Amino acid sequence: VYIDGREGTTGLQIYERLQARDDIELLLIEEEKRKDPEERKKFLNAADLVFLCLPDAAAKEAVALLENPHTRVIDASTAHRVMPGWSYGLPELSGAHEAAIKNSARVANPGCHATGFIASVYPLTASGLLPKELPVTAFSLTGYSGGGKKMIADYENTQRSGLLGAPRQYGLTQTHKHLPEMKAVCGLSLAPVFCPVVDDYYAGMAVTVMLSNSQLKGTPSAKDIWECLAAHYEGKKLINVHPFGYEEPMIAAGTMEGKDNLKLIVNGHENQTIITALFDNLGKGASGAAVQNMNLMLGFDETAGL
């Protein structure tokens, strides 16, 4: 197994999950040669499976360097998530999704915000409860580690701007890079109206979808929606649905930091529902999901190393 881009946040976290395992061999490129195209090409083609933890353009370049037809790829970038020939790496969505990942040579790891949104919405569109032409609204709270090394350095700089201590909205133009997969995987006619927010804590996410029940098929209650999600994810190892309602008056976005699973929480009443996906943006939102997909592709237990 080779991690192309091991020095980045996602690559480092994948490496940490794999380095102690004795069922795989990690191929480690020399530090001074990690950007040498010929050396990278050698490692890419020597591996049974490659993780691409790179910017989009570099991920596409890495795929172009592959000549060994037996090398399988998990791309953690945005580059291939809605591309034909690539399987979407969220196996809990359906048996077909899981089978595609197991048998695929090319798997696109989901985006962090997209993971929370799709985990909440896909079962509702698949069951027919949520009409695919319905405009959907969501917001997402995330720790600053999701912004990569530069954002981490900005937040952890002792001379930083005081404004970094307050939550900050971004994606203001409604062209966030996760929107295409959120729309496509859920089969929506329209991209969701989406508001991501980064705050002054390291890791953890709370992605919340807001629904007016009267717009859904059969006018279900919040508990009906909870039952749909609970049935869909019954028996899943890394996505579970919390009992209906939440015991505390507030949900903390950093609750799942350091964990590789995702928890769905449904709140509301007869007329309105909110679904919150709680997880670690570096866990089920990135590196943990990538290792889960690797396990499925190579025939290991899907939670090995998680």
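**Exercise 1. In which sense do S7 and S8 pair, and over how many bridges?**

Before we start: this is a predicted model, where local features need pLDDT of at least 70, side-chain atom pairs count only at pLDDT 80 or more, and totals for chains, interfaces and linings use all residues. Residues are numbered from 1 along each chain as its sequence is written, and side-chain values use heavy atoms, with hydrogens and water left out.

*Solution.* Step two: S7 and S8 pair over two bridges, in the antiparallel sense. Step three, pick a residue pair: arginine 168 has valine 198 in S8 as its bridge partner. Valine 198 is also the bridge partner of threonine 142. S6 and S8 run parallel and are joined by seven bridges.

**Exercise 2. Work out the strand order of the open sheet and find its edges**.

*Solution.* Seven strands make up the open sheet, in the order S7-S8-S6-S9-S12-S11-S10, with mixed pairing. The edge strands are S7 and S10 (239–241), each of which pairs on one side only.

**Exercise 3. Describe the surroundings of strand S12 (residues 272–279)**.

*Solution.* Take the S9 side to begin with. S9 (residues 205–212) runs antiparallel to S12, and eight bridges join them. Threonine 208 has threonine 276 as its bridge partner, while methionine 210 has isoleucine 274.

Now S11 (residues 262–268): it pairs with S12 over six bridges, again in the antiparallel sense. Here isoleucine 274 turns up as the bridge partner of asparagine 267. S11 and S12 form a hairpin, with three residues between them.

Last, burial. Six of the eight residues of S12 are buried (under 20% relative accessible area; exposed is over 50%, partly exposed in between; 1.4 Å probe, protein chains only). So S12 is largely enclosed by the rest of the structure.

**Exercise 4. Which residues does phenylalanine 139 contact, leaving aside its neighbours within four places in sequence?**

*Solution.* Locate it: phenylalanine 139 lies in strand S6. At 27% relative accessibility, it counts as partly exposed. Contact means heavy atoms within 4.5 Å, and the partners of phenylalanine 139 are Phe194, Cys195, Ala206, Val207, Thr208 and Met210. As for alanine 206, its C-alpha atom is 8.4 Å from that of phenylalanine 139, although the two are 67 residues apart along the chain.

**Exercise 5. Why do the buried residues of helix H6 lie on the same side?**

*Solution.* List them: Gly148, Ile152 and Tyr155 are the buried residues of H6 (residues 148–156). They cover an arc of only 65° around the axis (taken from the directions from the helix axis to the C-beta atoms), which puts them on the same side of H6.

Then look at both faces. The buried residues of H6 pack against helix H1 (9–18), strand S7 (168–169) and strand S8 (193–199). Turned away from that buried side are the exposed residues Lys149 and Lys150.

How values were computed: Helices (H or I, at least four residues) and strands (E, at least two) are DSSP runs, numbered from the N terminus. Two strands pair if DSSP finds at least two bridges between them.
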